Amino acid sequence: MNRFTLELLFQIIGVGSASGLIFDHSVLNIISDNSSYLYEYETKSATLKRHPLLENPAENIAKKIKPDFDAITSYADTLYLFGSGSTANRNKMIKVNAKTKEVVSVVDISDLYAAMQTFAELSPENFNIEGVAYNGKSWYFFNRGNGTTGKNIVFTIEGKNLVDDFNIIFSELKLPKIKGVRTGFTDATLVQDKLYFLAAAEDTNSTYNDGAVLGSVIGRIDIKKMKIDFTRTITDTHKFEGLTLYSDSEAEISFLLCEDNDTEKLQADIYRLRLKK
């Protein structure tokens, strides 16, 4: 999968700091790490709706208090949104009805995040969940290794729930460098038995503070072996943070990507990445 094309497909006014995507037919569900809304963008009519996730929803929330929704995944008729866990107030999982966009529940998963850190010997300063994928049985949580220890980890979680009945397996994976800086996971999506992921290089050793953007890669993990099949640098200027399947054929697979602009500008640039098989 060395041949690829990357193009700007949509510019959505009204969404800032986009951090995760789920494409469903013609609807693009978007989360923002600065906001407590779920955004619903109808691609055919180019219309945008906002759905509150918490009481007193807001946009461009101050960094110290924002819930930091960095991961979104779906299964059946439910969307699952996750805080990054990088501070104490970022430990929520929100279940949303995928059709009505109504919040089903808001769940505190602090114990799960604490257990992940203990198992992987990660300090809170090195814990930063940026992507989650789910197949109905197993959850895959992606820790971005942009802290001081640089640990890019895939946590596999199974059990009855994510609150008090779960089992944890983790795999630390070595990701490539861009301009001498190690990339770190920024999102992932499940396609059959493969996990496609994004990883970005940012000139910082903090899970909290942003740094100069050096580029992004896409890669694929075989979940049976939990080993990387390939990685490919797709840009040296963008920090892509959202990944969702757009189309899949015998000759080509394509994804939609969103870029976190790390500003208060309410505009989301959505790109299409096409990979030849």
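Both Lys-239 and Glu-241 are buried in this predicted model, and the two residues form a salt bridge whose closest N and O atoms are 3.4 Å apart. Lys-239 also forms a salt bridge with Glu-202, where the closest N and O atoms are 3.3 Å apart. Lys-239 lies in the loop between β19 (227-235) and β20 (240-248), while Glu-202 belongs to strand β17 (residues 194-203), so this pair ties together parts that are 37 residues apart in sequence. Glu-202, like Lys-239, is buried.

## Salt bridges

Side chains of opposite charge can pair when their charged atoms come close. The structure holds 16 salt bridges. One of them links Lys-101 to Glu-40, with the closest N and O atoms 3.9 Å apart. Which parts of the chain does the pair of Lys-101 and Glu-40 tie together? Lys-101 is located in the loop between β8 (92-97) and β9 (103-108), and Glu-40 in strand β4 (residues 37-42), so the connected parts are 61 residues apart in sequence. Are these two partners buried or exposed? Lys-101 counts as buried because its relative accessibility is 7%, and Glu-40 counts as buried because its value is 16%.

| Residue | Partner | Closest N and O atoms |
|---|---|---|
| Lys-101 | Glu-40 | 3.9 Å |
| Lys-239 | Glu-202 | 3.3 Å |
| Lys-239 | Glu-241 | 3.4 Å |

Elsewhere, salt bridges with shared partners join Asp-33, Lys-66, Asp-68 and Arg-90 into one network.

Asp-111 counts as exposed because its relative accessible area is 55%. Other residues of α1 are buried, namely Leu-112, Tyr-113, Ala-115, Met-116, Gln-117 and Ala-120. An α-helix has 3.6 residues a turn, so residues three or four places apart point the same way. What covers the buried residues of α1? The cover includes the strands β7 (78-83), β10, β11 (139-143), β12 and β13 (166-172).

The helix is followed by Glu-121, whose phi is positive, near 55 degrees. Such a positive value is found here in a residue other than glycine. Glu-121 is placed in the loop between α1 and β10 (129-134), and it counts as exposed because its relative accessibility is 68%.

Asn-56 lies in the loop between β5 (47-52) and β6 (69-75). With a relative accessible area of 72%, Asn-56 is exposed.

## A negative surface patch

Together with Asp-108, Asp-164 and Asp-165, Asp-111 forms a negative surface patch. Where does Asp-165 lie? Asp-165 is in the loop between β12 and β13, and it counts as partly exposed because its relative accessibility is 32%. The C-alpha atoms of Asp-165 and Leu-112 are separated by 9.3 Å, although the two residues are 53 residues apart along the chain.

Which residues does Asp-165 touch, not counting those up to four places away in sequence? They are Glu-158, Gly-159 and Lys-160. Glu-158 lies in strand β12 (residues 153-159). With a relative accessible area of 32%, Glu-158 is partly exposed. Leaving aside its neighbours within four places in sequence, Glu-158 is in contact with Lys-137, Ser-138, Asp-165, Phe-166 and Asn-167. Glu-158 and Gly-136 are 22 residues apart in sequence, and their C-alpha atoms are 9.7 Å apart in space.

## An exposed loop residue

Lys-44 is found in the loop between β4 and β5. Lys-44 counts as exposed because its relative accessibility is 74%. Lys-44 and Asp-229 are 185 residues apart in sequence, and the distance from C-alpha to C-alpha is 35 Å.

How values were computed: Residues are numbered from 1 along each chain as its sequence is written. This is a predicted model: local features need pLDDT of at least 70, side-chain atom pairs count only at pLDDT 80 or more; totals for chains, interfaces and linings use all residues. Side-chain values use heavy atoms; hydrogens and water are left out. Patches are made of residues with over 30% relative accessible area and no salt bridge: like charges are joined within 9 Å, nonpolar side chains (Val, Leu, Ile, Met, Phe, Trp, Tyr) within 5 Å. Accessible areas come from the Shrake-Rupley method with a 1.4 Å probe; for residues, only the protein chains shown count as cover. A salt bridge is a side-chain nitrogen of Lys or Arg within 4 Å of a carboxyl oxygen of Asp or Glu. Lys and Arg count as positive and Asp and Glu as negative; His and the chain ends are not counted. The place of a charge is taken as NZ of Lys, CZ of Arg, CG of Asp or CD of Glu. Buried means under 20% relative accessible area, exposed over 50%, partly exposed in between (1.4 Å probe, protein chains only). Helices (H or I, at least four residues) and strands (E, at least two) are DSSP runs, numbered from the N terminus. Contact means heavy atoms within 4.5 Å.
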